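Let's take a friendly walk through a few local features of this protein. Have the sequence and the structure at hand as you read.

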Amino acid sequence: MERLKNMGLRRSFFLLSVFCLAAALLLTYGVYITCARIADRYPTYGVVISPDGVITNMESPTPEQERARELLGTIQLFSALIIPVSGLGLAGILFYRLKLRTPIAVLNSGTERIRRHDLDFSMPEVSSDELGQICAAFETMRGELLRTNQELWRQAEERRRLNAAFAHDLRNPVTVLKGTIKMLRQGKGDEQALERLEIYALRIEQYVEAMSSIQRLEQMPVNPKPVDTATLRDELSETANLLAPSREVTVTVQGGAELRLDHGIFLTVAENLIGNAARFARERLEICLQTTCTSDESRLILTVSDDGAGFPPELLESGPKPFGRKEEDAVHFGMGLYSSQMLCVKHGGGLSLKNRADGGAVVTAVFGIGTCE
């Protein structure tokens with residue numbers, strides 16, 4: 001039976017037809033012989049002439065016997081027609097049950113699930129014949145559809161993450177621009193106000209250009225250039241004053257005077273960390289910038305801490321996630337820490353989170369800045 005299931009459709013149908021037709025013909029022959037033997041038991045008209053010439057009249061059949069003989073003849077006639085045809089019908093039924101029913105049911109089930117946009121299933125291997133090959137091709141098509149849908153979903157998710165990071169990382173520079181414009185309108189602008197406007201406008205232009213040319217946040221280009229720590233210290237102080245005007249801010253710098261760094265990435269990360277700290281701090285922010293040399297690699301470490309409630313345990317355990325947020329902060333979508341982590345990794349470093357023993361959160365951003373001299 002298993003051999004028949006794996007046999008080709010034409011050959012299997014031919015063999016089933018021959019087998020059933022041969023069985024039907026044998027059955028027809030058996031019916032014909034049986035009816036003939038029964039009919040021979042009844043008397044018939046005529047005479048019997050013996051070898052010596054004696055003539056003997058044969059017994060005449062009764063009317064009931066005549067009707068029985070006619071019925072047996074009718075059975076012989078109709079069996080010769082009905083039984084072979086029934087044999088071919090039986091061959092068709094067996095062919096459907098053995099070769100067609102299971103593959104058709106599998107294909108119908110698979111088609112219905114795909115129609116409902118459900119691709120999380122697999123087509124069973126039914127046979128090695130033509131219908132089995134169709135089922136295998138259907139399974140291949142389903143797998144390709146599933147992979148295509150997964151890829152489209154991944155691309156949509158990457159685009160969503162990129163758009164969220166883009167919107168989030170622009171928020172802080174825009175806040176700085178708005179604060180500077182407000183100071184200028186109030187007549188409180190200093191000599192660096194116009195320079196700050198120009199710098200941040202150029203940063204936004206460069207950031208928009210970079211983000212428009214990539215498909216994933218991980219593809220953000222890194223372009224390190226020489227920059228001195230005094231400039232970074234001034235920018236950190238200025239950013240803290242603009243993003244956390246009502247907080248007490250302490251900025252300390254330790255280490256070398258000049259280093260190679262992607263200035264835009266550093267400021268984006270710094271603004272995200274300072275903005276987050278300002279959002280949750282009660283009174284005080286501490287910002288520390290230092291350079292270290294481990295083995296043959298030099299690193300720039302930016303640490304931002306506050307005196308707020310600290311990070312929730314699940315965030316410390318799992319790390320920053322895109323679109324994660326604290327329940328009480330409906331505006332903060334968690335993209336700041338996540339995009340900062342990605343940018344630090346791109347710059348050869350990383351991001352770590354912890355809580356202080358006396359209360360508050362501490363975020364440490366590390367940037368790779370080349371080899372130690």
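The expected span of a helix is 1.5 Å times one less than its number of residues. With that in mind, turn to helix 7 (residues 263-280) in this predicted model. Helix 7 has 18 residues, and its first and last C-alpha atoms lie 26 Å apart, close to the expected 26 Å.

How many of the 18 residues of helix 7 are buried? The count is 14, so the helix is largely enclosed by the rest of the structure.

Strand 5 (residues 258-261) has two faces: L259 and L261 make up the covered one, while E258 and R260 make up the uncovered one.

Strand 5 runs antiparallel to strand 3 (residues 225-228), and 4 bridges join the two. Within this pairing, L259 of strand 5 is the bridge partner of V227.

## S12 in helix 2

Now to helix 2 (residues 9-40), where S12 is found. Is S12 buried or exposed? Its relative accessibility is 0%, and because buried means under 20%, S12 counts as buried. Beyond its neighbours within four places in sequence, S12 is in contact with L4, M7, F95 and K99.

## Cysteines

A disulfide is a covalent bond between the sulfur atoms of two cysteines. The count of disulfides here is 0. Among the cysteines, C20 is buried at 5% relative accessible area, and C135 is buried at 2% relative accessibility.

Technical notes: Residues numbered from 1 in each chain as written. Predicted model: local features only at pLDDT ≥ 70, side-chain atom pairs only at ≥ 80, totals over all residues. Heavy atoms only, no water. Buried < 20%, exposed > 50% of the residue type's maximum accessible area, 1.4 Å probe, protein only. Contact = heavy atoms within 4.5 Å. Pairing = 2+ DSSP bridges. Disulfide = S-S within 2.5 Å.
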